[in-house]
Amino acid sequence: MTQFRPRFLLAGLLAGAVQFGILGFAFADTTILNVSYDPTRELYKDYNAAFAKHWKAETGETVTIQASHGGSGKQARAVIDGLNADVVTLALESDIDAIADKTKKIAPDWRGKLPNNSSPYTSTIVFLVRKGNPKDIKDWGDLVKDDLQVITPNPKTSGGARWNYLAAWAWAHSQFGGDEAKIKDYIASLYKHVPVLDTGARGATVTFAERGLGDVLLAWENEAYLALDEFGADQFDIVIPPSSILAEPPVAVVDGNVDAKGTRKVAEAYLGYLYSEEGQRIAAKHHYRPSKPELVPAEDLKKLPELKLVSIDDPIFGGWKKVQPEHFGDGGIFDQLYKPGQ
Amino acid sequence: MVDLSYTAAADTSPASTVSATTEGRTTRWALLALALVFLAVFLLLPLVLVFAEAFKRGWAPYFDTIIDPDTISAIRLTLLVAAIAVPLNLVFGVAAAWAIAKFEFKGKAFLTTLIDLPFSVSPVISGLVYVLLFGANSVLGPWLKSYGIEILFAVPGIVLATIFVTFPFVARELIPLMQEQGTGDEEAALSLGANGWQTFWYVTLPNIKWGLLYGVLLCNARAMGEFGAVSVVSGHIRGLTNTMPLHVEILYNEYNAVGAFAVASLLAGLALVTLVLKTILEIRYGHAIAASRGH
């Protein structure tokens, strides 16, 4: 019987582990972590490189920006559970509020700390249709035509889907002069045209673009352009409806974490630089609507045409704190209106 | 009624004397063909597709993905996690199997069940357990953090979750083997004057080495491929807490299908290497393996 030599095996594995360990943790410079939501991956990839360059020129320090992306609600949950974010750049005000409420690591008045309600860029909901717009979809009213399938994710799980729902609601409100019964009829009818409710915005885009389901995708403006870039402009057209919703994805410094890590200065500069000329241009390049359009050359704004945008703080909604439970809470208006299979 | 059933039984009896099975040749071929088609569709085809998608646009995009710093860091993290989790599970697994197979004690059945727990629990729950244990709202998390020790959303959390889900592999492989071998060899060694360690190194370990190697290979494959539990505790920080399976998901979500399948092909490659190693072991040492089981 041959003799087993586990000592060599163990020694080898240990040496390997130590080596990986040293390579893995060789960080010396300042590092900050930006916890963000799904569709901002490409935006922050560009912006992080630009900010690192700017910070180096300004202070001589090297800064490494780490990024984490996922569904906005899930990311907020991770920060609450201890993910060491220096800054959060999420889809919904209520997600940052949740972190502030549950951890006290963000000051309750965070929304007033940066210009434009702490939203350096805004976005809106547009339609992505099949090339040539065969079903002739131009406005929200067209979405409930017979034989038409609409792709939108589930507003119970997806931040983007809530904006879709609210954009439709805002249109119906002005269309029916605020007649609540008619608005609800329209929304119920709209969701009867949805064959599948994905859990997130990216999932819905894949359903529409790769699986080929549906005639129209309700999408973030930047997601629609991204799908155009990724899947080919010969496959889809973007239709900008005459009116839509003003989505203000907010950003905030996580005070508790930056004070513990000593990174407040760079974290604040990181968010502040989003409002600079370069930050605004990068946002526009990735099809976000800059909050300071005057800093961006007119040609970059051409793809972001003017339309009537309704804010969440408009009296018909009354802000997220009211909308969230009223429309999307358990037994809320969405639950009452959405009856699958009917 | 009785008559009918009797004739039915009588009709089938001549066939069963000809062959061990009652099925005719056609049925057997049909079954075999069905099994092969099933294998091809559910195992072979996806594997081929992974590589086909990865190389769809040629070698250049494939290598661009592989040499991307985020991919390299994901590969490094995956190897690091396996390099920690597998040796630890090797030690735990041998110790647990040793205790269960060679000794009688109270609560043995309970211990065996506990070892199987990670097999029966969904990986998501395995991850959430660590969030509850080490999260910011737990008792342990803030206490460890006050000493500068980060578990959750850092490498230690990923290692812990991986150890948890891969725990049964080594022990499960060894327990039946060691039980089958009994304690005769060890008793002989002890009666000839060997001490405990000597018995272990020179008698027990050589007897179980093939089973151990199997266990380690399977454990390693799972450690590198684990997604669910690791996804919960990772925090998904690029270049820092992204393992290869998580990186595949990220690339796919970024519409980078070629990149996603390139990394997936590396993982599939690791699985294939594991399978080839296992097959080589079986072919070259099949006799020794069978002999060690016969003790």
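Tutor: Let's start with chain B, where residues 151-171 have end C-alpha atoms 26 Å apart, and the span is 81% helix and 0% strand. Please keep in mind that this model is predicted.

Student: Happy to. Which record points to that stretch, and what does the record call it?

Tutor: The UniProt record, an unreviewed entry, lists residues 151-171 of chain B under "transmembrane region".

Student: How far apart are the end C-alpha atoms of residues 73-101 of chain B, and how much of the span is helix?

Tutor: Those end atoms lie 41 Å apart, and residues 73-101 of chain B are 100% helix with 0% strand.

Student: Which residues of chain B does the annotation "domain: ABC transmembrane type-1" cover?

Tutor: According to UniProt, again in an unreviewed entry, that annotation covers residues 75-276 of chain B. In the model this span is 80% helix and 0% strand, and its end C-alpha atoms are 21 Å from each other.

Student: Now chain A, please. Which domains does the assignment give?

Tutor: Domain 1 takes in 30-120 + 249-301, while domain 2 takes in 125-245 + 312-337. The centres of the two domains, taken over C-alpha atoms, are separated by 27 Å.

Student: How many residues of each domain are in contact, and what area do the domains bury between them?

Tutor: In chain A, 14 residues of domain 1 are in contact with 14 residues of domain 2. Together the domains bury about 1300 Å², with 54% of it on carbon and sulfur atoms. On the domain 1 side, A:Pro39, A:Leu92 and A:His287 supply 41% of the area buried against domain 2, more than any other three residues.

Student: How should I read the polar side of this interface? How many salt bridges are there between the two domains?

Tutor: Begin with the charged pairs: there are four salt bridges between domain 1 and domain 2 of chain A. The count of residue pairs in polar contact between these domains, both at pLDDT 80 or more, is three. On the side of domain 1 that touches domain 2, the elements giving two or more residues are α2 (41-59) and α4 (93-103) of chain A. By class, that side has four nonpolar, three polar and seven charged residues.

Student: What is the N to O distance in the salt bridge of A:Glu42 and A:Arg202?

Tutor: For that pair of side chains it is 3.7 Å.

Student: And how many salt bridges are counted over all chains?

Tutor: The count comes to 30. Among other pairs, the side chains of A:Glu93 and A:Arg111 meet in a salt bridge at 3.2 Å, N to O. This pair links distant parts of the chain, 18 residues apart: A:Glu93 sits in helix α4 of chain A, and A:Arg111 in the loop between α4 and α5 (115-118) of chain A.

Key: Residues are numbered from 1 along each chain as its sequence is written. Chains are lettered from A and ligands numbered from 1 in the order in which they are written. This is a predicted model: local features need pLDDT of at least 70, side-chain atom pairs count only at pLDDT 80 or more; totals for chains, interfaces and linings use all residues. Side-chain values use heavy atoms; hydrogens and water are left out. Domain bounds come from an automatic or database domain assignment. Contact means heavy atoms within 4.5 Å. Buried area is the accessible area (1.4 Å probe) that two parts lose on being put together, summed over both. A polar contact is a pair of N or O atoms within 3.5 Å; within protein, one must be able to donate a hydrogen and the other to accept it, and residues adjacent in sequence count only if both atoms are side-chain atoms. Helices (H or I, at least four residues) and strands (E, at least two) are DSSP runs, numbered from the N terminus. Ala, Val, Leu, Ile, Met, Phe, Trp, Tyr, Cys and Pro count as nonpolar, Asp, Glu, Lys and Arg as charged, and the others, Gly among them, as polar. UniProt positions are given in the numbering used here, feature names are shortened, and annotations may be inferred rather than shown by experiment.
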